[in-house]
Structures are given as structure tokens and as C-alpha cells.
Amino acid sequence: MINIEHVTKKYGDFTAVNDLSLTVESSEFLVILGPSGCGKSTLLRLINKMIERNDGVITVNGENIDDLKGVQLRKTIGYVIQNIGLFPHMNVYKNIATVPRLLKWNEDTIAKRVSDMLALVGLEPTIYQVKTPAQLSGGEAQRIGVARAMASDPEILLMDEPFGAVDPINRLRLQKEFRKIQRKLKKTVVFVTHDTDEALLLADRICIMNKGEIVQVDTPENIVLHP
Ligand code: ADP
Ligand code: ADP
């Protein structure tokens, strides 16, 4: 469970996230929906400790994130972003193995895990031998981004427009497949998008942000969307 209490983030004089409070339940698929620039990515990066907040408290399973060390944090939270997520100088295997190697798993366990993760996201295990990120299609790269984020079996996945760069047909397939995986493995997901259809398709609850604040949180059935 993630608990965000009265969190504020400023870039200079500009307030990107303003006194925001939100609870994400375990195994919940929460979608953060809002226009470009409303502070969605900033909120994810605050949870992930990639940036420092100015005020407020964030806890993960009751533990203040300030007390979580880097490796511990990466073990608990996986992060997927659009396009630039993969390390270009590493082949697919090394990309997926990043966090397990950081956690010093033995290489046999890692190799098994890499092929399991590739199977999970619907890719042939041979892909890691032949391809570097630059040689992958958009859909393949996004699948590998998901595989990498899940490699250390984190309880929480933060996803920032992960399927934004994928063509519409593959996007729908990926969205549905990922939702199935999430339900099966009971991952807690915070998923950022500006695409209303995507939010309605995926979410247990939708949280609508505007100008750094939450304006609505509700189920897809009950949320009120303005055209
Ligand atoms: P979203 O993900 O909803 O598009 P962001 O969280 O990326 O929004 O950005 C929120 C606001 O904060 C935007 O106005 C953006 O320009 C600004 N912003 C984001 N990152 C920085 C930064 N590092 N420095 C200054 N302003 C930033
Ligand atoms: P099995 O391989 O025994 O049939 P499952 O059907 O439970 O296992 O899992 C299917 C895939 O999901 C496998 O590739 C497995 O490695 C992966 N998996 C299983 N449990 C988890 C978990 N908690 N987090 C991430 N991946 C998992």
C-alpha cells in the first residue's frame, strides 16, 4: 500500500504537485489521468525517490520512503517509462537482469528469471541473444521494459505512459495482456496516462489530476469525464 500525505513539489517558484494526498491499495490498478503538465510524472518520481519533495510524507507498506535505501527501494518498486526506458548500450538480457544483478542474485537464477520474464510478456527467449534495444520494435521494447521492471518481483509498479509509443493495434494487445498479468500476480500499479480510453480500460480507480492537484478519484463507472 502506498500512502501519500499532503505532498508538495516545487520546481523553483512553480508548484508542480500541491498538497496532494492519495492512498493506493495493495493489488490495485490505479490510473492517474490528466492533461500534459498537470504533475503526473512528478508524482511518480516522488514515490520512486527520483526527486525530493518539498513537503509531506510518503509511506510504502507503512514505511517512510525516506528510510528506504536505494536497493531496497528498487526491490519494492519497479518503474516503466515510455521509449527511453532501456539502457541502449546493454543487450536485452542485461537490461532485464539489471536489478537482479544489483541484488546479487546468482547468474543461474537470473538467467532463469530473464527467460521467465520474457515468456511472461510474450517474447521468444532468443530475443535477448540477438538484439540490442535499437533493433527492437516499439512493442518489443515496451514488453522488455515491463519485463525488466518485474524482474526482481517488485510489489509495486509505477508506469509512466508505458504504451504511448506503441502502434494502436499492439497497444490494445499489450494493455489487455498487461492487465491480465497484473491481476494474476496481484501487483500494485500506479499508471500514468493522458489517454481517457486507456484509463477507462485499465483502471480499478481513476485519479484525475489538474494543475498539481487531484480533482476526482473514483471507479471508471462512476468517474465524471468532461469532453
Ligand atoms: P505531466 O507528467 O502531467 O505531463 P510533469 O509532472 O512532467 O507533468 O510536469 C508538471 C509541471 O512541472 C510541468 O509544467 C513541467 O513543465 C514542470 N516540470 C517538470 N519537471 C521539471 C523540472 N525538472 N524543472 C522545472 N519544471 C519542471
Ligand atoms: P509456473 O512457471 O510455475 O507455471 P506461474 O504460472 O505462477 O508459474 O507464473 C508464470 C510466469 O510468471 C512465470 O514466468 C513466472 O516466473 C512468473 N511469476 C510467477 N510468480 C511471479 C511473481 N510473483 N512476480 C513476477 N513474476 C512471477
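## Helix H3 and its ends

Just after helix H3, lysine 104 takes a positive phi of about 60°. The model is a predicted one. H3 itself covers residues 92-102.

At the start of the helix, a side-chain oxygen of asparagine 91 comes to within 3.1 Å of the backbone nitrogen of tyrosine 93. Tyr93 is also one of the buried residues of H3. An α-helix has 3.6 residues a turn, so residues three or four places apart point the same way.

## The four-stranded sheet

Four strands build an open sheet. Their order is E2-E1-E4-E5, and the pairing is antiparallel. E2 and strand E5 (63-64) stand at the edges. Each has a single partner strand, so one side of each is left without a neighbour in the sheet. Strands of a sheet pair through backbone hydrogen bonds, either parallel or antiparallel.

Strand E1 spans residues 2-11. E1 and E4 pair in the antiparallel sense over five bridges. In one of the bridges, asparagine 3 has threonine 59 of E4 as its partner.

## Threonine 59 in strand E4

Threonine 59 sits in strand E4, residues 55-60. Is this residue buried or exposed? Threonine 59 has a relative accessible area of 15%. The cut-off for buried is under 20%, so threonine 59 counts as buried.

Which residues does threonine 59 touch, leaving out those up to four places away in sequence? They are Met1, Ile2, Asn3, Asn64 and Ile65. Asn3 in this set is also the bridge partner of threonine 59.

## The site of ligand 1

Ligand 1 is surrounded by Tyr11, Phe14, Ala16, Pro35, Ser36, Gly37, Cys38, Gly39, Lys40, Ser41 and Thr42. By class, the shell has five nonpolar residues, five polar and one charged. Strand E2 (14-24) and helix H1 (40-47) each supply at least two residues of this shell. H1 gives the largest share, with three residues.

Polar side-chain atoms approach the ligand in several places. That of threonine 42 lies 2.5 Å from an oxygen atom of ligand 1. A polar side-chain atom of lysine 40 lies 2.9 Å from an oxygen atom of the ligand. For tyrosine 11, a polar side-chain atom lies 3.5 Å from a nitrogen atom of ligand 1. On its own, ligand 1 has 560 Å² of accessible area, and the protein covers 59% of that.

## The site of ligand 2

The shell around ligand 2 holds Arg113, Asp116, Met117, Leu120, Asp153, Lys184, Leu185 and Lys187. Five of these residues are charged, three are nonpolar and none is polar by class. Helix H4 (107-120) and helix H7 (168-185) each supply at least two residues. H4 gives the most, with four.

Arginine 113 has a polar side-chain atom 3.3 Å from a nitrogen atom of ligand 2. For lysine 187, an N or O atom of the side chain is 3.5 Å from a nitrogen atom of ligand 2. The protein covers 52% of the 540 Å² of accessible area that ligand 2 has on its own.

## Positive phi in two loops

Serine 27 has a positive phi near 65°, and serine 27 is not a glycine. Its place is the loop between E2 and strand E3 (29-33). With a relative accessible area of 33%, serine 27 is partly exposed.

Lysine 211 also has a positive phi, about 45°, although this residue is not a glycine. Lysine 211 lies in the loop between strand E9 (205-210) and strand E10 (213-218).

Key: Residues numbered from 1 in each chain as written. Chains lettered and ligands numbered in written order. Predicted model: local features only at pLDDT ≥ 70, side-chain atom pairs only at ≥ 80, totals over all residues. Heavy atoms only, no water. Near = heavy atom within 4 Å. Polar contact = N/O pair within 3.5 Å; in protein donor to acceptor, adjacent residues only side chain to side chain. Areas by Shrake-Rupley, 256 points an atom, 1.4 Å probe, with all protein chains shown as cover. Nonpolar A, V, L, I, M, F, W, Y, C, P; charged D, E, K, R; others polar. Buried < 20%, exposed > 50% of the residue type's maximum accessible area, 1.4 Å probe, protein only. Contact = heavy atoms within 4.5 Å. Pairing = 2+ DSSP bridges.
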